[in-house]
Structure formats: C-alpha cells, structure tokens
Amino acid sequence: MNFEQFVTRSRVLVVAGKGGVGKTTVTGALALAAARSGLSVLIVELEGKSGLRESFGGVGPLGYGEERLWPGQPDSPGELGAKDEPRSGGVGDDAGSRKGEVRARRITPDDALLEYLSDHGLKRISKRLVSSGALEVVSTAIPGIRDILVLGKVKQLERRVAADLILVDAPATGHAVTFLTSANGLLEAARSGPVRSQAQEVVELLSDGDRCRILLVTLPEEMPVNEIIDAAYLLEDKVGVSLGPLVVNSCLEELPGGPVDASPDGRSASIARFMAGVIDEENLPRRPLKKLSASVAQAALEAGAFQEHRRALQVEQCGRLKEELPLPQLRIPLLFDDQIRIAELAILATALTRAVSELH
Amino acid sequence: MPAKGYATELEEIVAERSVLICCGSGGVGKTTTSAAIALAAAMSGRRTCVVTIDPARRLANALGIEGLTNTPKQIAIGTPAPASTPRERPVDVRVEAGRSASEVGGELWAMMLDTKATFDDLVRRYAGSSEQVERILANRIYKELSSALSGTQEYMAMEKLYELVEEGGYDLVVVDTPPTRNALDFLEAPSRLIRFLEHRLFRLVLMPTRMYLRAVSVATQAFVRTVSKVAGAEILDDAVTFFQAFDGMEEGFHARADRMDSLMRDPDTAFVLVTTPRPEAIDEAGWFTNRLDQYGIEIQALVANRVHPVFLPAGTDVTIDDLNGVADRLEARDAAGAKTATGADTKREGDWAARMEAAALIRNLSNYELVARRDQKAVSALGSRMSPSSVTSVPLLTEDVHDLQGLHRLAGLLAPGC
C-alpha cells in the first residue's frame, strides 16, 4: 500500500502503548515518513516530555505553541517563552501547516483545562482556581475530565484541519485504555452541561474510523504482547475505535547464513581466517587483534547464537500476537544506537514505509 | 555495606528485614523480581508473602494466583532444577540440589492486589454504620475513585501491605508497586486522598445551603458555580453526596495514613529499586532516588535487570572500532569483488558469501559489545552513590521467566547466598 494513502485514511492517528515500548520514537518516525511523502504533519505531545523534540535535534520539551521540527532544527526553548502560555482562542493554533513539514506542540491536561476555562468566560477566576488547589480537587473528583479536555482539543484541531495528518503521542501513564475510555465514562456520569457535550464529541471522533484510528505499539516480548492484546479488545469493545496495524518495535534482524552454533567448529576457524586475512592485507586495524582472532571469532559466534535465540523467541511472540489479534503487523528493527536522533528516525521511517508497502 | 556475613545488601534484606518495597518505573521486570526475591526468602526458611500488582499471565499461572482473590494463597515452591538455558552470564546459578523450602521451614504466599476490594474493605473498616457503607459503595464518584483514579492503586497497595504486616504473621512481606510514570504515587497517595477528603471547599459545600451562602467567599461561590456550569449539576450532586457519605471517616483514614508513613520509615523496611540499563529507565530511577531522598528514605539495593551479556573474554583488548573496522573491510571487499566476479570464479563467490556472514557476525558482536559497555556504565553511574554491594545486575536472559523453575533461577541470581 502507498504510504500516503495509508496515513491519510483518517486525519487523526493516536499512537498508544505502554511506557517503554517506543511510542515517541514511532510517532517521530511516522511523522518523518509522512512528511517525506509530501504531507503536512502535526504531532501532539501530551506529557511535556523532551524526547520528541530532542530526536529532531532540539533541546528541552515542546511548548504549547506550535513549532516546526523538520526540516531544519527546532528552535531553542528560550525563544519559545512568549508562546508558552495557553491563552484563550488557542494561541499557536494558527502557525499554519505546510506540505512536507513536521510541526509539533504540547497539550497537557493543565494547558487544556486553562484554555477551556478561558474559552468559557472563566479566565478571571482560572488563576485563583489553580492557586487554591481547587483544580486538583475538581480533577480528582471528576476522573477523566483531564483526558476529555485534551482529546477535546485534539478534536478541535481535527475539525479545523490543522494538518493533513495529526499524530497524537498518547500518554504512557497506565493503560492507553484509561485515556481513551474516559469520554465514555464521563458520558455516564454527566447528564448535562458543556463537559457532557465535549465528551460526546470526543466519543464521536474516537469511534469514527474515517476520522481517527488507533495505532498500538508493542515489543515482541511476552508481557507487552499480552498487554497489547488486552488493550486492543478493551478499546474495541468499550470505545468502538478503529485499530490500525500494530507496530512491533525493536525487532531483531536475522543474521545471514542461517542458524548459528556456538560450539567450536570450522565456522569459527573460518571467521578467524577472514579476520586474520583482512588484518594482514590491509594492515588493519591493529596487530594485537590478529593474535586474538580465534577468541574474538568464538565470541562472535556466541553473540550470534544469543541473537538468534532471542530472535526465535521474538518470532514466536509475533506469531502468538498474530493468532490472538488478527491485525497486520508493521515490524521495525531494533537500533543499537544510544539515542534516537534524526538519522535513526530516518532509518525507522524507511522501515515503516517499506512495511506499509507490503500491506495487502 | 551489608551486615556481616552477607555478600550483598539484597541478601541481607532477604534474610533479615520484614518489609521490602520494590519500586521503579513500568516495564523493568519489577513484578518478576519481587516474586523471585520472595522465593529466595522462602528458600532461606522464612515465611514470606508477595503482593503482586499485575503479573504476566503465565507467571500468575505458575504461582497459581490467577484471578483476583485479594487474599494470599500458599504456593508450593518445590526444588530448583539446574539451569537449562544456554547462557546466563556473568553470574552462574548456584543450586543446591535436593534442598526444598519445606525442609528449612520456609513458606511462600502470594496474592494479586484487587484495588477496589481493598478500598471497599477500608470503607467497611472505618464507616460508622452498615448504612454508611452502602451509601459510599453505591456512590458513582466512589466507584470511579476506587477503580480508575490514578493513585488509588498505589494507595491500596500500601494499605494491603500495612494489613499484611500488622495481621498476617509473615517474616517478610514483599510488595510490588504499581507501574506508574510517577512511581512515587504510592508514597503520596494516602495524603493526597486525605487532602481531597478534607479540602475546605468541600467542607463548605457540605454546609446547609443558606448558611454556606452567607459564610463563603465570592471566590468559593464562583468555584461552585464553575463546577456545576462546566461539569453539569449532577456531578456536583454526586460530589456532595460523596463527601457527605464519607463524613466522619477522615479521622480513621488520617490515623491509618500516619501509621503507614511510620511503616515506610521503619528500620526493618527496605526499599529496592528495580531498573533496566535503558536510558529512560535509568533517568527515571535517578529521579526517583532523588525524590525518595527528599522524603528521607534511602534505597538499600539496586537491581538492574536485562543487562546485556559480555561475549569477549575478560581482558581482551579489542575496541568496538577494531571490530567495526574489520567488518567494514570484509564488506567493502565483497562489494568490490562482486563487480569483477566472473562465472568461472565460483570458489571465490562461495568465499564471498562466507565473508559476508563473517562480517555480519563480527558486526553483531560489535553491537553487543557496545550495548554491554553502555549498560555497565549506566548501571554503575546510577549505583555510584550506593556501596558496590548494593548493586545487583541480572543478565538479559534468553528466556522470559514464566514458571517456578525460571523464578528459582532468578532467585539464585539475585541472592545466591540465601
């Protein structure tokens, strides 16, 4: 399938999954892939974390106002100070979307709540509500109100066609399920008032597959696979969301030459011979390595056998996932790099584009 | 330093302490680690109970605690079998064949926390009448609060811990804390709930209407109007009913929260921080250590799970650049050779395939060296403020731990001397 067709099937894509599965990285890679195929992309980050901005070469967390992440480098956070305060009418909403660009902004529940109060003519008391701790009490008493306000803001952006593709990096806290089902919960609790209509509109957005899809991210390991299966069924049953393909992150790549046996044999000798050969011919890289080539070759075989063993376990988990959750899987490779920067995002964006092209 | 006779802090905790709190961010193997530590304590002859929050199904099956019973069940722990996985470096699993916990008098009990049932029990304990209990349990806000509110699970984990310590008769209670981003919620949750129940705005809301209109400030009236305007009058009604239902119970909650706080600071209570060497886990663990410091609570032991094994023999003076240099050359020669290859030269073609395989294996080794060194650096940086005996590294295992044998192996890695 063509990548552009794939990502624009709905304007909103919510990237969800448990903490540590690489949601933010997948969000960044999807954004880059979509922008490279000529779309305008807006990323909505919900926790004020710094990872996303840093992957694109910036420093520090995103601000409430929209900024461009790619192409070019994000600004330093100091220059964003003025845009950082949420104000009525949605400051920073209108930075404009351009084809082939990745833009991003942060919408935390506090941002969304303050903007909501301003929009409802309560700006004057909103500061006092914050300082008296009343807001904390309200959001404790009405669980889910924070999630509704954030999702309500996303719905507003979708309605205004803020970009060809709006990517929401869902919160890592707890299950994505809580975040996405809170609107339904509030519909039961609130029978009138603006919060109810807000919840109603959020439910409409979430349950309309032409407007919004959920992309679940997981790792090919036992616990994450179990969790994603549970989450998928809960989301379908409770919210009636449309689930996109599953993104399976950190897949180990197969080594060429088939299964690796770490027991000493001809293969170890052959690796050692190649090593010694190339060191001799090129005078590379250091002489002592040649003396060690037998033990290094053995270590290489052991590392290969370890890798193959773990890969076999991953394949088993992907198979189980396939069996229990009949959704296509987009597998992207494990990168050994320390940090995810633009170069790593580019590798993953290419892998995603290729995986999408193999769908159907 | 651990007390005399123990090689590591963890061994000392397993053998001597009465409460162990396993904390850390989600996805680092906290639940499995808690279960393995509890097993180690049972194997050393202690009556041990582990409170798990969200175990993997196969682990729950193995422990026989599937389903939310909310009361501990005894686990038949059997005898450890020799390690069977191909590679578990760098620590060898020490198994004393034939020794079983029953012979040394130890017991392992386990339970899975049911947040709502625990909260219900708490309400029953402090309510003045059965009528009050019913009113609270039926309230919509209570239902949300007891099952969905973040922080409630943490609070109830602590509540259960307190109950088990006070009433369970265990030598050691191990508690696995819930996997939240703000892993400190379990310390703050009791006081947050009390703050919530005692907030002055709600005390005012509880007053008879006319009196409150006279007594409250303009800001408060605005607040009440705001809530009903924004959230709908029903929610406000629910809230008022909720606070009225809880009326009179604050004192009980208060006293209990205070006692829980003392339990956290008791010298017999130990905190174990579980992490992995991944940067985000290390960052959170560091932040977590600082926050605990502010509470005056010290972490006794650090468990680093999924540390990549080292494959090069110790003392091998080979750098990652060396390995990559060799792999690059092997691959480059392949590309150059392929261009000039002729059909006649089949022997060399076979050679190139083998050369490429060798290059891939060397590159793979180099990747593993890179992550293994990075893991070691990350773990020792985090452990640098503790004594070396506080840090236990558990290698990345080739198998997930999902049965009792796996737990025995892990227990052997965590506390080999117990």
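Predicted model: local features only at pLDDT ≥ 70, side-chain atom pairs only at ≥ 80, totals over all residues.
The biggest contributor is β7(B), with 4 residues. Sorted by class, this side has 9 nonpolar, 6 polar and 2 charged residues. How many salt bridges are there between the two domains of chain B? The count is 0.

For the layout, domain 1 of chain B covers 9-186, 267-310 and 383-414, and domain 2 covers 320-382. In contact terms, 17 residues of domain 1 of chain B meet 11 residues of domain 2 of chain B. About 1,100 Å² is buried between these two domains, and carbon and sulfur atoms give 67% of that. Within domain 1 of chain B, the residues that lose the most area to domain 2 are B:Ile282, B:His308 and B:Val310, which together make up 41% of what that side buries.

Now chain A. Its domain 1 is made of 3-252 and 334-357, while its domain 2 is 254-325. Here 16 residues of domain 1 of chain A are in contact with 11 residues of domain 2 of chain A. The buried area between them is about 1,200 Å², 66% of it on carbon and sulfur atoms.

Two or more residues on the domain 1 side come from each of α10 (222-238) and β8 (246-251) of chain A. Helix α10(A) gives the most, with 7 residues. By class, the domain 1 side in chain A divides into 11 nonpolar, 3 polar and 2 charged residues.

Next, salt bridges. Over all chains, the whole structure has 26 of them. One of these joins A:Arg103 and A:Glu66, at 3.0 Å from N to O. A:Arg103 sits in strand β4 (residues 102-106) of chain A and A:Glu66 in the loop between α3 (51-55) and β3 (67-70), so the pair ties together parts 37 residues apart in sequence. Are these two buried or exposed? A:Arg103 has 9% relative accessibility and counts as buried; A:Glu66, at 4%, counts as buried too. Both belong to a network of salt bridges that links A:Glu66, A:Arg68, A:Arg98, A:Glu101 and A:Arg103.

A second pair in chain A is A:Glu158 with A:Arg159, whose closest N and O atoms are 4.0 Å apart. A:Glu158 is buried, at 6% relative accessibility, whereas A:Arg159 is exposed, at 55%.

In chain B, the side chains of B:Glu107 and B:Arg47 form a salt bridge at 2.9 Å, N to O. B:Glu107 is in strand β4 (residues 107-112) and B:Arg47 in strand β2 (residues 47-52), 60 residues apart. B:Glu107 is partly exposed, at 23% relative accessible area, and B:Arg47 is also partly exposed, at 23%.

Last item: helix α1 (residues 9-16) of chain B is mostly covered, with 6 of its 8 residues buried. Those are B:Glu9, B:Leu10, B:Glu11, B:Glu12, B:Ile13 and B:Val14.

How values were computed: Residues numbered from 1 in each chain as written. Chains lettered and ligands numbered in written order. Heavy atoms only, no water. Domains from an automatic or database assignment. Contact = heavy atoms within 4.5 Å. Buried area = accessible area lost by both parts, 1.4 Å probe. Nonpolar A, V, L, I, M, F, W, Y, C, P; charged D, E, K, R; others polar. Buried < 20%, exposed > 50% of the residue type's maximum accessible area, 1.4 Å probe, protein only.
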